[in-house]
Every structure is written in structure tokens, then in C-alpha cells.
Amino acid sequence: MTPPRAVTFDYWQTLVAERRGEMRAMQIERWAATLAEDGQPRTETELSDAFAANWAVFEDRWRTNDGPWGAVASVGFVGERLELAMTDDLRTRLVENFRIVGETAELHTAPGVEECLHALHDAGCALGIVCDVGLTDSPTLRTRLEGFGLLRYFDAWSFSDETGWFKPAEQAFRPALDGLGVSPEDAAHVGDNERTDVAGAKALGMVAVQYTGLASLAAWLPEQRPGTLADHVVEDLAALPSILGF
């Protein structure tokens with residue numbers, strides 16, 4: 001096959017991953033401490049239920065592409081759910097908790113990811129990121145990649161909290177592709193999710209690669225299990241350059 005001129009990568013469960021639930025546990029712990037300091041203590045059960053309800057709102061908006069739902073919106077939702085007396089200072093501290101967790105939570109890079117990126121970069125392939133952002137904002141996500149020594153490989157990116165669009169929408173991919181200066185037909189996209197990554201890439205005419213190598217960190221969602229739409233399914237990112245013809 002003719003190698004693509006550019007390759008874009010999903011972020012979560014493709015470049016890096018958390019062990020499912022660890023970041024939420026840290027967020028709840030920080031909220032509990034902040035609310036206790038503010039004289040409005042809440043139980044772990046109350047906090048867990050409110051956070052679960054908030055994530056359900058995020059997932060609904062993610063699936064319907066109804067716009068980002070980040071830390072600020074989450075603080076408003078959870079605060080109302082917990083019937084907090086919200087002040088500007090408390091709101092600021094609660095939003096800050098999400099950033100701190102995003103900066104300090106243990107993340108795991110995909111096996112073979114640097115070998116993969118280095119090989120593609122050395123072959124002259126332009127690299128980008130197309131990421132659906134949850135409660136950790138894009139500046140923090142880029143900082144985490146920089147800490148792993150991986151950000152330097154990427155020439156463009158498209159984060160949903162900056163574009164206003166989730167995958168599989170074309171508008172989620174376009175900023176990264178335009179930043180790389182390529183048409184979709186000249187690019188490949190790599191991601192774990194069949195509904196967002198694979199279907200979105202295929203709809204644009206990109207080569208779609210489903211990545212399965214971080215499955216051991218979390219139970220598969222149905223749309224993360226290898227499906228039938230992808231042009232390629234890869235478990236080891238180190239093998240990706242040769243699969244794409246480099």
C-alpha cells in the first residue's frame with residue numbers, strides 16, 4: 001500500500017490510559033477535602049452518586065455530539081446535585097481539583113508508542129492528535145504528553161474542548177488534518193473506539209486503524225471491542241509503521 005502522508009491518533013486508550021476509575025477516585029477524594037474545609041461536608045456515597053450522574057450527562061452529550069462538558073459544567077452540575085452553597089471561591093477550588101488530578105494521576109503510555117512515533121516521524125509522516133476531552137482539559141493533556149516526551153512528535157491536534165465537536169463528526173477531525181496540510185484520503189487515523197475513531201475516520205475516507213493494546217487496563221466498552229469497520233486492527237503500536245507501508 002502507499003503510505004499515508006499523515007497519521008492522526010486518538011488520545012485516551014491509544015496514546016495513554018489510566019486504570020479505569022482511578023482518576024474519579026482521586027477527584028472525589030479532593031472534593032471531599034475541599035467541601036469539608038468549606039464547612040459543607042458530604043459523604044463518599046453522596047459524592048460518588050453525584051459524580052456518576054455527572055458522567056452520565058457527559059456520556060450522553062458525547063454520544064449525541066451535543067458539545068463539551070468539562071470541569072466548569074461538571075462543578076455546576078455536581079454542586080446543584082449536592083445542594084452546595086456555591087461561592088466564586090469554592091467554584092474556583094473545585095474546578096482546580098479537576099486540573100490537579102489531571103496533572104498528577106498515574107497514566108500509562110501505550111507499549112511501543114515512542115518507537116512507533118519515532119519511526120513515522122523519521123519517515124516524513126506528519127502526526128496529529130484527535131481527542132474527545134472529558135474532565136481533564138486539553139492544556140493539561142498536552143502537558144502530560146510533553147512529560148512523557150511524546151508531544152514533540154506531533155505537528156497538529158484537535159481537542160474537543162477547543163473545537164466544540166466530538167468524534168465521529170467531521171468537524172472533530174478537520175482542524176488536525178488542516179493543520180497537517182493533508183486531505184483525509186491521504187491520512188490514517190488510529191484509535192480504540194469503533195463508533196468514534198473507526199467510523200469517523202472511514203466516513204472521511206481515511207485509513208482506519210483500531211488499536212487494542214491498552215485493553216488490559218480497563219474492561220472493554222462494547223464499542224472498543226475489535227469490530228468489522230477498521231481497515232486494520234493492531235495490538236502493538238510498534239507494528240503500525242510497517243502495517244501502513246513505511
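Strands β4 (residues 126-131) and β5 (residues 156-159) pair in the parallel sense over four bridges; two strands count as paired if DSSP finds at least two bridges between them. Within this pairing, Val130 stands opposite Ser158 in β5. Together with helix α6 (residues 138-147), β4 and β5 make a right-handed β-α-β unit. Right-handed here means that, with the strands pointing away from the viewer, the path from the first strand over the helix to the second runs clockwise.

The structure is a predicted model, in which local features need pLDDT of at least 70 and side-chain atom pairs count only at pLDDT 80 or more, while totals for chains, interfaces and linings use all residues. Residues are numbered from 1 along each chain as its sequence is written, and side-chain values use heavy atoms, with hydrogens and water left out.

**Overall architecture**

The protein has 10 helices and eight strands. These elements are DSSP runs numbered from the N terminus, with helices (H or I) of at least four residues and strands (E) of at least two. The C-alpha trace spans about 65 × 30 × 30 Å along its principal axes. For 246 residues, a compact globule would have a radius of gyration near 18 Å, and the 19 Å of the protein agrees with this; the radius is taken over C-alpha atoms, and the globule rule is 2.2 Å times the number of residues to the power 0.38. Of the 246 residues, 48% count as buried, where buried means under 20% relative accessible area, exposed over 50% and partly exposed in between (1.4 Å probe, protein chains only). Among contacts (heavy atoms within 4.5 Å) between residues at least 6 apart in sequence, 73% join residues at least 24 apart.

**Nonpolar cores**

A nonpolar core is a set of buried Ala, Val, Leu, Ile, Met, Phe, Trp, Tyr and Cys residues joined through side-chain atoms within 4.5 Å. The largest has 37 residues, and those with the most contacts inside it include Val7, Phe9, Leu127, Leu145 and Phe154. The elements that give two or more residues to this core are β1 (6-9), β2 (16-17), α5 (113-122), β4, α6, β6 (187-191) and β7 (207-211). Helix α5 gives the most, with four residues. Leaving aside residues up to four places away in sequence, Phe154 touches Phe9, Leu15, Leu117, Leu127, Gly128, Ile129 and Leu145. A second, separate core of 17 residues includes Ala126, Leu180, Ala187 and Val198.

**Helix α3**

In α3 (residues 71-81), the buried residues are Ala71, Ser74, Val75, Val78 and Gly79. They lie on the same side of α3 because they cover an arc of only 125° around the axis, judged from the directions from the helix axis to the C-beta atoms. These buried residues pack against α1 (22-37), α2 (44-64) and α4 (88-104). The face turned away from the buried side carries the exposed residues Val72, Glu80 and Arg81. Glu83, whose phi is positive, near 55°, follows α3.

**Two loop residues**

Asp38 lies in the loop between α1 and α2, and Gly124 in the loop between α5 and β4. Asp38 is partly exposed, whereas Gly124 counts as exposed. Not counting residues up to four places away in sequence, Asp38 touches Leu90 and Arg93. The table gives C-alpha separations for each loop residue.

| Residue pair | Separation along the chain | C-alpha separation |
|---|---|---|
| Asp38 and Leu90 | 52 residues | 7.6 Å |
| Gly124 and Gly147 | 23 residues | 24 Å |
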